[in-house]
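Me: I am new to this structure and would like a close look at a single part of it. Please keep the account plain.
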Amino acid sequence: MRRFFAALLALALSLPVEAGAAAVVSFRVPMGGSPAAASAGAAAAARGPGRSLPLEFSLGAFEIGPVYESASRELVVKLDAVANIPPGSETFEGTVLAVERAYADFAEATRPLFFLSSVSPDPAVRGAVEAVRRRSGRLWAEQSARPDVYKAVEAYAKRGEELGKDDQRLLDDMLRDYTLAGLGLSEERQRRLEKINVRLSELEAAFQRNLQEWDDALAVFPEELKGLPKSFIGRLERIPDGRVLVPVDKESYGKVMRQAVNPGLRRRLYYRKQKEAAKENLPILKKALTLRHEKARLLGYRNFAELALEGRMAKTPKQVWRFLQRLRRLLIGAAGPEREEVLERKRRDKPKAEKLYPWDTAYYGSKLFKERLNLEPKRTRAYFPLSHVLAESLKIYEELLGIRFEPVTVEVWHPEVRAYDIRDAASGERLARVYLDLFARPGKRGGAAAFTLVSGRELPDGGYREPVSAVSASFHNPAPGRPALLYHHEVKTLFHELGHVMHQTLTAARHWRFASSAVARDFVEGPSQMMENFIWKPEVLKRLSGHYQDPTRKLPRALLDKLLATRSYHAAGAALSQAALAAMDLAFHSAAPKDVLKVYRRVRKFFTGEEPDHASRFPARFRHGMRGYSAGYYGYLWSRVFAQDIFSEFEAGGLISAEVGSRYRSIILENGGSVDADELLRRFLGREPDERAFLRWLGVEPSA
Ligand SMILES: [Zn+2]
């Protein structure tokens with residue numbers, strides 16, 4: 001164990017330290033790409049004439065199964081046809097493109113269906129969709145690992161025909177997927193890989209289930225609950241001895257940690273939280289990491305992180321380590337004083353306090369935040385009625401990207417859903433459609449997300465499939481006497497999701513595999529995070545706000561200033577914590593650790609300077625490490641860096657700049673995944689991307 005970690009740290013530390021204090025270094029991976037030669041107008045291939053796909057959202061539960069069945073049969077039949085091509089007569093169209101189209105057809109038939117499990121008001125429909133979705137996972141895994149189809153594609157590849165850039169990229173990508181599915185391995189190794197995959201999905205499901213089903217509560221006397229809101233206390237279950245039960249779930253835990261005056265209560269809940277699925281999940285995590293490591297070795301990689309980074313923008317674990325190291329070096333200086341401020345705040349209550357305990361940080365942190373910024377979210381909210389915010393947001397997107405949103409009356413899945421056609425402002429041509437389903441309701445998926453229902457792609461007849469997206473959010477419904485109002489963070493959410501939608505719908509990529517937001521996974525949050533920046537600009541907030549009783553009353557200056565001050569408040573420490581999590585995730589996947597807790601403790605200490613409490617069992621509830629996103633946590637910070645760099649161009653161009661917006665649309669959005677993200681960034685920026693804008697955003701001086 002010690003040796004493993006020492007080696008890991010050695011790897012991290014032996015990386016070259018950039019000369020002197022000039023810490024701003026480009027992230028460019030050495031790959032011999034041409035520097036920013038392409039000019040502003042470098043657009044993706046133009047789209048052919050639009051072809052829309054009629055969508056039906058009113059399927060009954062009994063219809064779901066048959067629709068899915070017919071789509072899956074078609075997929076198999078189309079792949080059979082590829083497998084049955086007589087050896088020697090393989091063509092690009094008959095193999096590579098045929099496989100690609102088979103998957104695209106399947107996705108077009110099933111994605112709108114699967115989407116219903118998140119939004120359908122009918123529980124029977126949601127249940128029916130969940131059932132076919134599980135089957136689809138198995139079908140996809142089976143079909144994408146078919147040796148007979150692989151043979152045909154491989155036979156075509158061996159002919160070495162000269163292909164255009166897009167087609168070559170498609171072939172390379174497809175071959176890589178087959179390799180990762182184990183199709184280049186001996187039969188014995190393939191069987192082992194299959195076993196590992198099955199076991200891994202069982203372990204991952206068990207890990208999530210243990211957390212989901214964890215049911216625990218702390219019994220406390222009502223007088224211990226000082227500081228907590230009455231509405232919260234009122235909901236707690238009472239037991240016969242007069243005490244009440246505080247559930248150990250996310251909501252209650254957060255509330256108690258931030259608001260409970262009694263440190264004893266916070267401490268007890270903290271320790272109780274550490275038991276959450278810990279006994280069950282720590283061994284599961286360890287087993288999964290061991291299997292992932294074995295899988296990576298079978299496929300010829302040194303470790304799982306290397307395997308997971310295939311096709312991502314960061315390319316190698318070493319590159320991610322460099323990135324996290326650099327963040328640590330740049331942020332640790334600013335994070336220390338932030339923490340000191342919180343300790344100082346604690347000393348105002350407890351003059352003899354020497355340190356912050358884990359159950360103090362959120363409590364004194366939020367006290368300090370409230371005292372210093374005195375933000376009144378409820379007051380701010382009155383200035384953001386949803387109808388006004390939405391109309392103005394769409395206008396801003398129109399001005400930026402040269403498009404037009406046109407409301408249309410079409411069949412939807414719930415009366416609250418609004419649909420818009422997206423048209424090119426210059427030509428009037430319809431490009432795509434978007435559905436907005438913004439209110440919370442029972443049975444609907446929580447949180448917010450943007451879904452690609454139909455992805456763009458070139459069709460066999462030369463036409464272009466019109467993309468369709470949907471945003472699902474859970475904003476508060478209108479209350480009696482007033483319309484739906486948004487908190488500022490919800491305005492941010494709206495901008496974020498619309499940022500995804502633009503990436504999904506303004507695509508012009510030829511192949512389905514690279515269209516819409518099918519970009520490297522560590523870049524997918526780039527466009528959405530970039531758009532969030534706009535809502536921190538006074539001129540934009542002025543446009544977006546308008547009191548619900550009198551729309552001419554804009555957000556008052558005093559509220560605006562307070563709001564703006566919250567953005568970079570203690571941001572260095574928050575980013576450093578994210579970097580620590582990303583490093584832990586990467587460390588977990590850089591070898592098969594014998595003791596996950598030890599790795600966690602040491603990485604955390606190294607990154608934040610603070611050793612976690614001896615009782616902390618955080619890895620047992622780190623859901624990200626046990627999902628498809630393993631070895632990918634760094635992606636949030638990574639894409640944020642590029643988001644800020646892109647946004648700096650808008651700032652330089654006067655913010656709502658149609659010129660910068662048109663470059664952004666044609667280079668970043670239209671190309672999607674058909675060109676490497678770092679190449680797109682170089683084209684857009686006209687230089688190597690760097691982290692200066694990101695550091696400014698955190699309030700850290702780049703040369704610090
Ligand atoms: Zn997002």
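In which crossing, left-handed or right-handed, does H23 pass H25?

Reply: The model is a predicted one. In it, H23 passes H25 in a left-handed crossing. Helix H23 covers residues 635-652 and helix H25 covers residues 677-685. Two packed helices are described by the angle between their axes and the distance between the axes. For H23 and H25 the angle is about 20°, and the axes lie 11 Å apart. Angles under 35 degrees count as roughly parallel, and H23 and H25 are therefore roughly parallel to each other.

The residues that meet come from both helices. H23 brings Phe642, Asp645, Ile646, Glu649 and Phe650 to the contact, while H25 brings Leu681, Phe684 and Leu685. Sorted by class, the contact of H23 with H25 holds six nonpolar residues, two charged ones and no polar ones.

Helix H3 (residues 93-119) and helix H5 (residues 147-158) have axes that come within 9 Å and cross at roughly 130°. That angle makes H3 oblique to H5. On the H3 side the contact is made by Thr95, Val96 and Val99, and on the H5 side by Val149, Ala152, Val153 and Tyr156. By class, the contact of H3 with H5 has six nonpolar residues, one polar and no charged. The contact of H23 with H25, in turn, has two charged residues and no polar ones.

Terms used. Residues are numbered from 1 along each chain as its sequence is written. This is a predicted model: local features need pLDDT of at least 70, side-chain atom pairs count only at pLDDT 80 or more; totals for chains, interfaces and linings use all residues. Side-chain values use heavy atoms; hydrogens and water are left out. Axes are lines fitted to C-alpha atoms, for helices over the stretch in contact, and angles run from 0 to 180 degrees between N-to-C directions. Helices (H or I, at least four residues) and strands (E, at least two) are DSSP runs, numbered from the N terminus. Angles under 35 degrees count as roughly parallel, over 145 as roughly antiparallel, 65 to 115 as roughly perpendicular and the rest as oblique. A crossing is left-handed if the near helix is turned anticlockwise from the far one by less than a right angle, and right-handed if clockwise. Contact means heavy atoms within 4.5 Å. Ala, Val, Leu, Ile, Met, Phe, Trp, Tyr, Cys and Pro count as nonpolar, Asp, Glu, Lys and Arg as charged, and the others, Gly among them, as polar.
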